Amino acid sequence: MADIKLKIKKKLDFPLEADSITPDNFAGKNIADIKKLPLFYATKQVTIGDYFEVSGKSTDVADTVIIIDGDVSNVKRIGENMTGGEIIINSGVGMHVGNHMSGGKITVNGNADDWAGAMLQGGELEINGDAGHYVGSAYRGYRQGMKNGTIKVKGKVGVESMLWAKSSKPSKKWPTLYCGSADAFLGIHNHGGTIVVEGDVDRCVGADQAWGNIVIKGKVSRLLPSYKKVGEVKEVQLPNGEVIKGKFIEYSGDHTIKKETNGRLYIAA
Amino acid sequence: MVEKVRTVKDVSCPFCGTLCDDLEIDVDIKKDIVVEVRNGCQIGTKKYFSSNPSDHRYMKPLIKENGEHKEVSWDEALDKAADILVNAQRPLLYGFSSTECEAQSKGVELAEMLNALLDNTASVCHGPSLLAIQDVGASLATLGEIKNRADTIIFWGSNPVHAHPRHLSRYSDFIRGYFRTDGRNDRNIIVIDPRNTHTAQIADKYIKVNPSEDYELIQAIRAVLRGSELDVKEVSGVSIDDIKELVEVLKSSNFGVVFFGMGFTQSLGKHRNVDTAIRLVAELNDYTKFLLIPMRGHYNVAGANQVFTWNTGYAYSIDFSRGYPRYNPGEFSSVDMLMRDEIDASLIVASDPGSNFPAASVKNLFKHPLISIEPHKTPTSAFADVILPAAIAGIECEGTAYRMDGVPLRLRKVKDPPGETLSDKEILEKLIEKVKEKMGE
Amino acid sequence: MSLNSLILLTGRTISQGVALEGGKVSRENVRAAGICTFDADDFKKLDCLVGTPVKVITDYGEVVVYSTITEEGPHQGIIFIPMGPWANQLVNPSSQGCGTPTYKGMKAKVEVVKNGKVLGALELIGRLKEA
């Protein structure tokens, strides 16, 4: 294990785009080279060294741990495209954290802004605060979003989280979101994603779900009329093998998509 | 007989997205002012008359000095404007919906040079419709098709009597069409709205829906259309029986259309309201012909979307900060960026965010230098640091505009630009030259 | 008198459209867009004459406008303010991540302010410009 420590050293009047901060980009580089990696601030290209104090040593991707200190809540795109290693962020973080990542782990010890874990292909994203809108969602114009991996949000996720999520039974890819509570349109256009909510969700959960599993342990502010009650269950078996115990009312939907559907929504009884 | 008045016929009206192309304008030859407008609605007519010189029409460039607007030369005004833009770290170029396509194209050029944010009024209007179309496509039509064929017309979250006054008489309701030879009597007008609007009052059927609950209603309609028996008795204030009746009416139409407006795009759900409406229309095509058309507000916002898309690949909320165009409404949209105070200078062209943006975002807009390319005194231009007086497209200069259904029509010039005004296109061209100079190109 | 638990909608009216083309800084514009339209039964509860200034309050701001009775009702529980500077003191600037603010559907309450002053557009928007 090798740690690289970054500490932000300038006040940000505009967002900083930091897609170069990934274990993949740091692996095998010395500190001087890491400092030269590009960042974008307003319309100017700058370097990591311009905005961060850097220390530590790097190794190969899988063993690289990047620890970021200071307030990076206005720093976007950290962890973009990463395939392994770890990033620990000790504050809130800006938009697009961990987007397109396919392996490794990102931990945010604060709130995350919109688009956290967008287009996730694998790996783990853990947010120990609230997250913004579009958590684990597809980007504009994409018909498939999160395809694998796990996102855990302790607090609330914003609207349209897990938009266009797509699982694959043959490849055993089960994109999964765990969260404390959720805003409107959770799991919209779901194509096989798994969502488990510890608390309450707002309206339109499971909108236009083609198939998938959404488990709500709290309350739903308004259930879509296109969902129909199937029965009651004592536990929910998720496709990733997990079993959630408890009494739930089982609903099928979204019946806007199909008259008979494998889409399921479970709401605590 | 000396001609006192010049009549221009077949004039395209530069107000709303209906882009009526049958106006007749009489211009006093000596004074070069509009003296009569025929065929226009109240709003279009007013626009032509208010192009005449008045105390709220700008004739010369102005720069704010000690809290007052002072008349200056074009050179001085353009120089100051270019200074503001070149020295900004995050400039915004916004508006473009009330001008013609060539000017819009110049806006793209300028934004790219400055690595700026480029946005048009779709951002606060039908942007959600574009987002929905990008996700699920759309089955669209031209207004002529509607006039000639449509027997079932739904206005959802749209009030054309007020917002598109001649829409009903030219295309969607009263007019006789090739297959609708009995005009109004050949059509079934359905209005779905939280209020019993004036459009609802002249419709055949009015369905009252709870505000901000349109999405649930459309989901219910779609599920019933698929053959499902729903568990509930009422959705969004509409009874299940009314929903089933509506589904039968839609299925047995000859040729249906859904016209939709801000009731969808500005209520909670935003683009998802449009998304599900598009899917409903698509699914109705299993039974009959059904299409939808967004009721675009400005006469050339559709043109701005077209021009921006040809040039950058994206229709609005475009960021050039990294040297190439990127698109992400919510991140690069004007109001959101202003709410996060991420803009430090703005060029407002042919639009009035001072009036039309939420107050908190206007506050941040006003904190920084503002350049206004604008014919009239508005709550935006009144607080601008530089005012570049524009000729009005469709009245004082020609150009192309795109109607709500994507049909391009030519705008006419009925009189000369008054005072020292220049067309938006000329102003932007001159600004581009000044910016190039200052950037050392 | 006051009314709580209302929903505020905003949008186009033809008078507001005519007024804005005629001069956004004019008195005509105040009369067209600086108004709040009530359902007839709701208005009775306010116990005042048509035209009396009312203060409309949402989570996002407040503004004083002239009261009128709707021609587009009934719509009990809903108030309507034409789009423009007055409405925009009250609307929700949040776009929920999609770019477009929430101009319709805010929870609102209304108080009669008999001697309230309805500001002109420039004065109202001018307050947003800090000295």
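How many bridges join strand β8 (residues 152-156) of chain B to strand β13 (residues 255-260) of chain B, and is the pairing parallel or antiparallel? The two strands pair in the parallel sense, over five bridges. Pairing here requires that DSSP finds at least two bridges between two strands. Strands (E, at least two residues) and helices (H or I, at least four) are DSSP runs, numbered from the N terminus.

This is a predicted model, in which local features need pLDDT of at least 70, side-chain atom pairs count only at pLDDT 80 or more, and totals for chains, interfaces and linings use all residues. Residues are numbered from 1 along each chain as its sequence is written, while chains are lettered from A and ligands numbered from 1 in the order in which they are written. The model scores ipTM 0.97 and pTM 0.97. Chain C averages a pLDDT of 95, and 99% of its residues score at least 70. pLDDT is the predictor's confidence in each residue, from 0 to 100.

Return to the strands of chain B. B:I154 stands opposite B:V258 in β13(B). An open sheet of five strands runs in the order β10-β9-β8-β13-β14 (chain B), with parallel pairing. The edges are β10 (205-208) and β14 (289-294) of chain B; each has a single partner strand, so one side of each lacks a neighbour in the sheet. On average, neighbouring strands of this sheet are turned by 15 degrees against each other, direction ignored. Axes are lines fitted to C-alpha atoms, for helices over the stretch in contact, and angles run from 0 to 180 degrees between N-to-C directions.

A helix covers part of this sheet. α12(B) lies across β8, β13 and β14 of chain B, running at about 155 degrees to β14(B). Contact between two residues means that their C-beta atoms, placed from the backbone, lie within 7 Å.

α12(B) also has a helical partner. The axes of α4 (residues 127-136) and α12 (residues 271-284) of chain B come within 8 Å and cross at roughly 50 degrees. That makes α4(B) oblique to α12(B). Angles under 35 degrees count as roughly parallel, over 145 as roughly antiparallel, 65 to 115 as roughly perpendicular, and the rest as oblique. The crossing of α4(B) with α12(B) is right-handed. A crossing is right-handed if the near helix is turned clockwise from the far one by less than a right angle, and left-handed if anticlockwise. Among the residues of α4(B) in this contact are B:L131 and B:V136, and α12(B) contributes residues including B:V274 and B:I278. The contact residues divide into six nonpolar, two polar and three charged. Ala, Val, Leu, Ile, Met, Phe, Trp, Tyr, Cys and Pro count as nonpolar, Asp, Glu, Lys and Arg as charged, and the others, Gly among them, as polar.

The axes of α3 (residues 101-114) and α17 (residues 424-438) of chain B come within 8 Å and cross at roughly 20 degrees. That makes α3(B) roughly parallel to α17(B). Their crossing is left-handed.

Now the chain contacts. Chain C puts 45 residues in contact with 54 of chain B. α1(C) gives the largest share of the chain C side, five residues. That side divides into 19 nonpolar, 18 polar and eight charged residues.
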